[in-house]
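Hello,

Here is the structure I promised to pass on. Please have a look, then read my notes below.

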Amino acid sequence: MRRRDFLRLTTIGMASGAVLGSSIWRHALAATPGQTGPGPYGPLLAPDANGIQLPAGFASRELARGGQVVPGTSYTWPIFPDGGATFRAPGGWIYAENSEWAPPAGGGVSALRFDHNGNVLDAYSICTGTIINCAGGPTPWGTWLTCEEVPSGHVWECQPRGGVAAQKRTALGTFKHEAVAVDSRRKQLYLTEDEPDGRFYRFTPNKWRHLELGGQLEVAQVTSGAVTWLPVPDPNPVLPAGTPTRQQVPASTPFAGGEGIVYSQKHIFFTTKGNNRVWDYDPTTQTITVLYDRALDAGMTLGGVDNITASRGGDLFVAEDGDNMEVVLITPGGVVSPLLRVTGQPGSEIAGPAFDPSGRRLYFSSQRGNGNGITYEITGPFRKRAKG
């Protein structure tokens, strides 16, 4: 669901009992959520040939357009690209990206394969037959989990190299899935739900790397920042007769529209669009804090929070759905600043930010740029270590 439509529906402010304040992830240990400040890469310059504003030393490249053949291949890139991630491959890497639409024009997941120099070698499908594929998440064992953003939606596991049909992972629940993040340290998965009263979920597989063998789906209850995980009685209700997953545990805490989620620096970070917040969940202490709240940021730099990713150095990068079409950087010290801004594409949103395995290239899409979407690559001096 697009943010402007969501905001007409939601009346929910913040999850009850959440703590506004510092996180042990933030080096500065600030007393309030992140604030606008000078970024590590300097101000944005005038738009380049692709209409993208970037700091000095950075450059953009257009890779594909929705509904058109990817240059150098015979594959037509799907419309409305959304969540994505990169994966290592022999001689290079792969960028897998969802299509937030329905077949035959869209839906499913497509992939771009690159050589070690970043040249596009191939483009192809890795998942078909699914609808409204919004975001998702990569796994430590090299697969892509794509999420269907419909009330009866599921998570499907895809092989980035293709050649194998995507598999439905029913145990991860039936609900309006948005995104997934995998905590490789504790061997658990976290999921967001794109509803005005969506929940924050945790899944513990019966066997690591084998989601097909089932596991335990739980939902978060937040009390004064402390998180308690409660079992979901029926992860796969038959709708509309069955009780929706998010309503099965009355004690669970609603979140105002769960969006992107990422595991980084041993923490889980996710966004909620109904109140323009970025959340920080610490699995070690099982506590949750608000890392960024637009209402408390005098600069109001980040709005329309959506997909989120992290650099190898620990910086967070949040894509905007609308607002002023930026990818916004949040440092571990809580400094918030734009990394890039897309101009001349009204009515679109930024989607699918993901770094290549080397951390030197950032991929993302303007979901409705040119009407059907445009996928880009950004190169530049991304820092290897976030210092504040």
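A residue counts as buried when its relative accessible area is under 20%. Cysteine 127 has a relative accessibility of 4%, so it counts as buried. Please keep in mind that this is a predicted model.

**Cysteines**

How many disulfides are there? The count comes to 0. Cysteine 127 is in no disulfide. Its nearest cysteine sulfur belongs to cysteine 158, 4.2 Å away. A disulfide needs two cysteine sulfur atoms within 2.5 Å. Cysteine 134 is in no disulfide either. For cysteine 134, the nearest cysteine sulfur is that of cysteine 147, at 8.1 Å. Cysteine 134 is buried too, with a relative accessible area of 3%.

**Aromatic rings**

The model has 24 aromatic pairs. One of them joins phenylalanine 80 and tryptophan 101. This pair is edge-to-face, with 5.0 Å from centre to centre and 85 degrees between the planes. Where do the two residues lie? Phenylalanine 80 is in the loop between β4 (59-65) and β5 (81-89). Tryptophan 101 is in the loop between β6 (92-99) and β7 (109-115). The pair therefore ties together parts that are 21 residues apart in sequence.

Phenylalanine 80 is buried, at 10% relative accessible area. Tryptophan 101 is partly exposed, at 38%. Phenylalanine 80 has a charged neighbour as well: the charged end of arginine 368 sits over its ring, 4.4 Å from the ring centre.

Now to another pair, phenylalanine 270 and tryptophan 279. Is it stacked or edge-to-face? The planes are at 10 degrees, so the pair is stacked. The ring centres are 6.2 Å apart. Phenylalanine 270 is buried at 1% relative accessibility. Tryptophan 279 is buried at 0%. Both belong to a cluster linked by ring pairs, made up of Tyr190, Phe200, Trp229, Phe255, Phe270, Trp279 and Tyr281.

**A sheet of four strands**

There is an open sheet of 4 strands. The order is β4-β28-β27-β26, and the pairing is antiparallel. Which strands are at the edges? They are β4 and β26 (350-355), and each pairs on one side only. On average, neighbouring strands of this sheet are turned by 20 degrees against each other, ignoring direction.

β26 pairs with β27 (residues 361-366) in the antiparallel sense, over 4 bridges. Alanine 351 has its bridge partner in β27, namely serine 365.

Best wishes

Terms used:
Residues numbered from 1 in each chain as written. Predicted model: local features only at pLDDT ≥ 70, side-chain atom pairs only at ≥ 80, totals over all residues. Heavy atoms only, no water. Phe/Tyr/Trp six-rings, centres within 6.5 Å; stacked < 30°, edge-to-face > 60°. Helix = DSSP H or I, 4+ residues; strand = E, 2+ residues; numbered from the N terminus. Buried < 20%, exposed > 50% of the residue type's maximum accessible area, 1.4 Å probe, protein only. Lys NZ or Arg CZ within 6 Å of the ring centre and 35° of its normal. Pairing = 2+ DSSP bridges. Axes fitted to C-alpha atoms, helices over the stretch in contact; angles between N-to-C directions.
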